[in-house]
Amino acid sequence: TSHSEGMPGINCTQATEFSLAGFTEDTATQVTLFLLLLLTYLVTILGNLGMITLIRASALLHSPMYYFLGNLAFVNLCTSTIITPRVLAGALLGKKGITYAGCMAQIFSFGLFLVTECFLLAAMAYDRYVAICHPLLYPLAMSPECCSRLVAGSYLLGLTNGMGQALGMSSLFFCSSSAIDLFFCDISVLISLSSSDTTLSLVILRTSSSLLGVPSLLVVLVSYVAIISTILSISSAEGKRKALSTCASHLAALSTFYGPLIFMYLIPRSDTSRAGDKWAAVLYTVVTPMLNPWIYSLRNREVKEAWRRLRKIK
C-alpha cells in the first residue's frame, strides 16, 4: 500500500537494494527448480538462436512471416536473458539481493521487449490477414520496406514503454526493507511497495498499458475476425484446412503470450490473491520464450524443409 506523503518519513532511508523472493525455501525443491530453469533457458537459447540462424541462412524462409519470426526469436532471447540468469544465480548461490540500479535496468529492458513482442505479434497477425483476405495485394502490402517499418515501429514503441516505466520507477521512494514478492523487478509490484506518492507511476503504468497494450491486442483481434470470416467463406474443406494451418502456430504463440499477461496485469485482484502471479510471470518470462521457436518449427513444413536442405549442404 502506498502512503501519500510527498516526502518519506524521517526514519526512512532510500533503499539501495531490493530482496527478490525465490519460489521456495525448501532446498530439495530449489535444486529441482534450478535444474528445470537451467534446462528451459538452454532450450530457449538453442531454439531461438537456431531459428534466427535458419531464417538468415535459408532462402526458403526469406518472406515477411519469417522476417517477423526472426525478430520475435531475438526478442524472446532478450526477455529470457534479462530474467532467467539472475533467477538461476539466486537459486544456486542463495543471493536474493538486486541493486536499485539493477532493478531499474530490469524494468527498462523488460518493458522494452514486452511491448516490442506485443507489436511483433500484431504485425504477424496483420501479415496473416493480408495473406488470407487480400492475397493479390500481399506483395505490395508486405513489401520489404513495409516490413522493416513495422519491425522498427515495434522496437520504437517498446523503447517508449521501457523509458516510461523507468521514469515511473525513478519517481518512487522505497524504505530500506524492500522485499519484492516476485523473482524479478516488476513495476506493478514495486508501485505497491513504495513509501511515496505513487500517483504519477500508476498514471504512467496505466497509460502505457492502455496506449500500447490495447491497440496491439485490437489489431490481433480485428485481423482474426476478418481471417475467420474469410476462411468460413471458402467452399472447399481442403482450402479451409490450408488457410487455418497457416494461422495455427501464430494462434498458439498468441495464447501463451497474452493469456498470462492478461491474468497478471488486466484482471483486478486483492493483494491477498496474488499467489498465482508468480506462476503467470513464469509463463510469459520463461516458458513462452522457450516455446515459440518450437511452436513455429514443429508444425511448419517450410521450416522442416529448410532444415533438411541445410543438412544436405553440410
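1. Helix α3 (residues 100–133) lies across β1, β2 and β3 and runs at about 80° to β2, where axes are lines fitted to C-alpha atoms, for helices over the stretch in contact, and angles run from 0 to 180 degrees between N-to-C directions. Contact here means heavy atoms within 4.5 Å, and helices (H or I, at least four residues) and strands (E, at least two) are DSSP runs numbered from the N terminus.

2. On provenance, this is a predicted model in which local features need pLDDT of at least 70 and side-chain atom pairs count only at pLDDT 80 or more, while totals for chains, interfaces and linings use all residues. Residues are numbered from 1 along each chain as its sequence is written, and side-chain values use heavy atoms, with hydrogens and water left out.

3. The three strands form an open sheet with the order β2-β1-β3 and mixed pairing, and its edge strands, each pairing on one side only, are β2 (97–99) and β3 (179–180). Two strands pair if DSSP finds at least two bridges between them; strand β1 (residues 17–20) and β3 are joined by two bridges and run parallel, with Ile180 of β3 as the bridge partner of Leu20.

4. Ile180 also belongs to the largest nonpolar core, which has 84 residues, and is listed with Phe18, Met169 and Leu190 as having the most contacts inside it; α3 gives the most to this core, with 19 residues. Such a core is a set of buried Ala, Val, Leu, Ile, Met, Phe, Trp, Tyr and Cys residues joined through side-chain atoms within 4.5 Å, and buried means under 20% relative accessible area, exposed over 50%, and partly exposed in between (1.4 Å probe, protein chains only). Not counting residues up to four places away in sequence, the residues that Ile180 touches include Phe18, Cys103 and Leu190.

5. Among the buried residues of α5 are Gly158, Gly162 and Met169, and what covers the buried residues includes β1, α2, α3, α6 (187–193) and α7 (199–233).

6. Ala91 lies in helix α2 (residues 64–93) and counts as partly exposed at 26% relative accessibility. The C-alpha atoms of Ala91 and Glu25 are separated by 9.8 Å, although these residues are 66 apart along the chain.
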